[in-house]
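Hello,

Here is the structure for your files. My notes follow below it.

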Amino acid sequence: MALGMPRPTKHPKNGVYYLNVRVPSDLVAQLCKSHVKKTLRTKDPKVAKERFLVELEALRMQWQAARTVPQAIPHKQLVCPLKSGPP
């Protein structure tokens, strides 16, 4: 069975499109949810596709940020930062 690309889904009763995607398995425990469902606030399929791409990219950026670990700044760099040039 092939997995399809994520796409906007239409609510069967009111016709409004939604973003409905799975959270990556490595982030499920950290984010405490396995799916993200968000309204795209439109009934027009063309507008839904555009908004879907924008929302999906924002989600992917959030997931990437959740995966990165902040790097510690050495004490020496905090106390004596490098000079960028003559004063």
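Strands (E, at least two residues) and helices (H or I, at least four) are DSSP runs, numbered from the N terminus. Two strands pair if DSSP finds at least two bridges between them. This is a predicted model: local features need pLDDT of at least 70, side-chain atom pairs count only at pLDDT 80 or more, and totals for chains, interfaces and linings use all residues. Residues are numbered from 1 along each chain as its sequence is written, and side-chain values use heavy atoms, with hydrogens and water left out.

Sheet first. Three strands form an open sheet in the order S1-S2-S3, with antiparallel pairing. Strand S1 (9–10) and strand S3 (35–39) are at the edges with a single partner strand each, so one side of each has no neighbour in the sheet. S1 and strand S2 (residues 17–22) run antiparallel and are joined by 2 bridges. Opposite threonine 9 stands tyrosine 18 of S2.

Helix H2 (residues 45–67) packs on the sheet and touches S2 and S3. Contact means heavy atoms within 4.5 Å. The direction of H2 makes about 30° with that of S2. Axes are lines fitted to C-alpha atoms, for helices over the stretch in contact; angles run from 0 to 180 degrees between N-to-C directions.

Now the loop between S3 and H2. Threonine 42 lies there. Is threonine 42 buried or exposed? Threonine 42 is buried, at a relative accessible area of 11% (buried is under 20%, exposed over 50%, partly exposed in between; 1.4 Å probe, protein chains only). Leaving out residues up to four places away in sequence, threonine 42 touches Gly15, Val16, Tyr17, Val47, Ala48 and Arg51.

Best wishes
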